[in-house]
Amino acid sequence: MTKEIKSIGVIGSGQMGNGIAHVAALAGMNVVLNDISEDRLKSAMATINGNLSRQVTKKVITEAEHQAALKKISSSATLDGLASCDLVVETAVEKEEVKRKIFHDLCAVLKPDAIIGSNTSSISITRLAASTDRPEKFIGIHFMNPVPLMELVELIRGIATDDATFEAARAFVTRVGKQIAVSEDFPAFIVNRILLPMINEAIYTLYEGVGNVQAIDAAMRLGAHHPMGPLELADFIGLDTCLSIMQVLHEGLADSKYRPCPLLVKYVEAGWLGRKSQRGFYDYRGDKPVPTR
Ligand SMILES: CC(=O)CC(=O)SCCNC(=O)CCNC(=O)[C@H](O)C(C)(C)COP(=O)(O)OP(=O)(O)OC[C@H]1O[C@@H](n2cnc3c(N)ncnc32)[C@H](O)[C@@H]1OP(=O)(O)O
Ligand SMILES: NC(=O)C1=CN([C@@H]2O[C@H](COP(=O)(O)OP(=O)(O)OC[C@H]3O[C@@H](n4cnc5c(N)ncnc54)[C@H](OP(=O)(O)O)[C@@H]3O)[C@@H](O)[C@H]2O)C=CC1
């Protein structure tokens with residue numbers, strides 16, 4: 001019988017973590033949200049509240065569902081708070097050493113039959129699983145941004161992931177109302193294997209002076225009907241995350257076609273990470289986003 005997930009832990013309360021907590025709570029699960037500081041957790045709870053309100057305004061959910069979802073979410077600044085969860089989804093920064101350390105500390109507090117999922121955008125599930133005490137109960141559960149609006153979740157098995165874990169993850173994803181695409185465990189899986197080289201190419205197009213930020217985004221929004229231009233989307237994802245994904249593709253597939261654009265590296269080195277730091281290919285500090293090139 002498929003293991004029912006009644007309570008989940010979410011590690012990392014950034015844009016993905018708060019989105020996953022949001023959809024799991026709306027689906028009736030108890031959620032414990034974890035991050036490294038109380039301030040981060042407070043701000044994540046405020047974001048979730050705001051995003052639920054937006055759904056009430058748009059009549060996607062009722063005010064009663066909004067309030068019921070909020071009651072399902074608690075927060076914990078230490079991993080101990082996740083001890084009784086059936087499933088923990090790790091959604092901290094896209095850095096392998098950070099994720100490995102989290103899994104090491106998490107396994108010490110988690111019950112033996114708990115499943116661990118990673119929301120990594122690109123890193124090998126098999127390698128991450130090997131840093132835990134339960135590779136057979138480890139799986140990639142890759143949500144898309146913004147979580148409450150995007151329909152897809154990629155499921156990625158590591159070499160050791162067992163069928164029971166896969167089925168439990170499948171049931172969890174279905175319960176939060178998302179469609180599944182199953183991907184093999186290759187660098188950046190399916191969506192990012194296709195999407196990120198396109199974004200990187202848009203940054204090369206800017207770097208080489210083929211067009212400015214506005215022209216490149218307008219070209220793809222109006223000329224290819226993409227909902228966001230590629231540079232706007234890169235800012236939305238986070239330029240640090242985009243760079244990490246390109247590095248995993250470049251190293252993992254050993255092909256120069258995945259070389260991260262030097263301009264992307266420069267923006268990340270400047271701390272211009274996109275929307276989350278208020279500046280990236282656009283400057284978000286005023287009333288309207290203003291292109292930075
Ligand atoms: C990197 C990875 O590993 C994988 C990925 O996720 S890759 C990224 C995948 N995502 C995409 O490609 C998104 C492309 N963009 C889109 O599809 C659309 O622009 C969109 C769905 C994001 C917005 O669609 P829209 O109908 O214009 O939404 P709209 O209601 O006007 O809201 C737009 C805004 O709300 C956000 N939003 C709306 N409702 C939301 C909710 N309930 N919760 C969270 N965010 C919400 C949008 O992101 C955007 O943010 P701001 O207001 O802060 O600027
Ligand atoms: N952005 C996107 O579009 C998507 C991202 N992802 C993946 O999801 C994950 C998170 O991305 P995203 O939400 O955008 O990133 P964010 O930078 O928005 O959030 C990451 C959060 O994790 C926190 N954090 C860092 N280290 C730890 C730790 N040791 N324990 C607990 N929390 C920690 C960060 O705190 P602090 O800022 O203080 O370091 C931050 O609050 C990444 O693996 C990313 O690749 C997947 C799909 C889409």
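I began with the record: the UniProt annotation "domain: 3-hydroxyacyl-CoA dehydrogenase NAD binding", from an unreviewed entry, covers residues 8–183. I kept in mind throughout that what I was looking at is a predicted model. For residues 8–183 I noted that the span is 42% helix and 22% strand, and that its end C-alpha atoms lie 23 Å apart.

The record has another entry of this kind, also unreviewed, in which the UniProt annotation "domain: 3-hydroxyacyl-CoA dehydrogenase C-terminal" covers residues 189–284. For residues 189–284 I wrote down 61% helix and 2% strand, with the end C-alpha atoms 31 Å apart.

**Entry on the cores.** Which residues have the most contacts inside the largest nonpolar core? I found that they are I8, I141, F143 and F172, in a core of 34 residues. I then looked up the elements that give two or more residues to this core, and among them are the strands β1 (7–11), β2 (30–34), β4 (87–90), β6 (138–143) and β7 (152–157), together with the helices α1 (15–26), α2 (38–57) and α6 (163–175). The largest share, six residues, comes from α1.

**Entry on a helix pair.** Two packed helices are described by the angle between their axes and the distance between the axes, so I looked up both values. For helix α8 (residues 213–223) and helix α9 (residues 230–237), the axes come within 7 Å and cross at roughly 100 degrees. Angles of 65 to 115 degrees count as roughly perpendicular, and α8 and α9 are therefore roughly perpendicular to each other.

Which residues make this contact? On the side of α8 I listed V213, I216, D217, M220 and R221, and on the side of α9 I listed P230, L231 and E232. When I sorted the residues of the contact of α8 with α9 by type, they divided into five nonpolar, three charged and no polar.

**Entry on the backbone.** Most residues other than glycine have a negative phi, and most peptide bonds are trans, so I looked for exceptions to both. A cis peptide bond joins N145 and P146, with omega about 0 degrees, and P146 lies in the loop between β6 and β7.

K59 is not a glycine, yet it has a positive phi of about 60 degrees; I located K59 in the loop between α2 and α3 (63–72). Is K59 buried or exposed? Its relative accessible area is 75%, and exposed means over 50%, so K59 is exposed.

Q278, which is not a glycine either, has a positive phi of about 75 degrees, and I found Q278 in the loop between α11 (262–269) and β9 (282–283). With a relative accessible area of 38%, Q278 is partly exposed.

Key. Residues are numbered from 1 along each chain as its sequence is written. Chains are lettered from A and ligands numbered from 1 in the order in which they are written. This is a predicted model: local features need pLDDT of at least 70, side-chain atom pairs count only at pLDDT 80 or more; totals for chains, interfaces and linings use all residues. Side-chain values use heavy atoms; hydrogens and water are left out. Axes are lines fitted to C-alpha atoms, for helices over the stretch in contact, and angles run from 0 to 180 degrees between N-to-C directions. Helices (H or I, at least four residues) and strands (E, at least two) are DSSP runs, numbered from the N terminus. Angles under 35 degrees count as roughly parallel, over 145 as roughly antiparallel, 65 to 115 as roughly perpendicular and the rest as oblique. Contact means heavy atoms within 4.5 Å. Ala, Val, Leu, Ile, Met, Phe, Trp, Tyr, Cys and Pro count as nonpolar, Asp, Glu, Lys and Arg as charged, and the others, Gly among them, as polar. A nonpolar core is a set of buried Ala, Val, Leu, Ile, Met, Phe, Trp, Tyr and Cys residues joined through side-chain atoms within 4.5 Å. Buried means under 20% relative accessible area, exposed over 50%, partly exposed in between (1.4 Å probe, protein chains only). UniProt positions are given in the numbering used here, feature names are shortened, and annotations may be inferred rather than shown by experiment.
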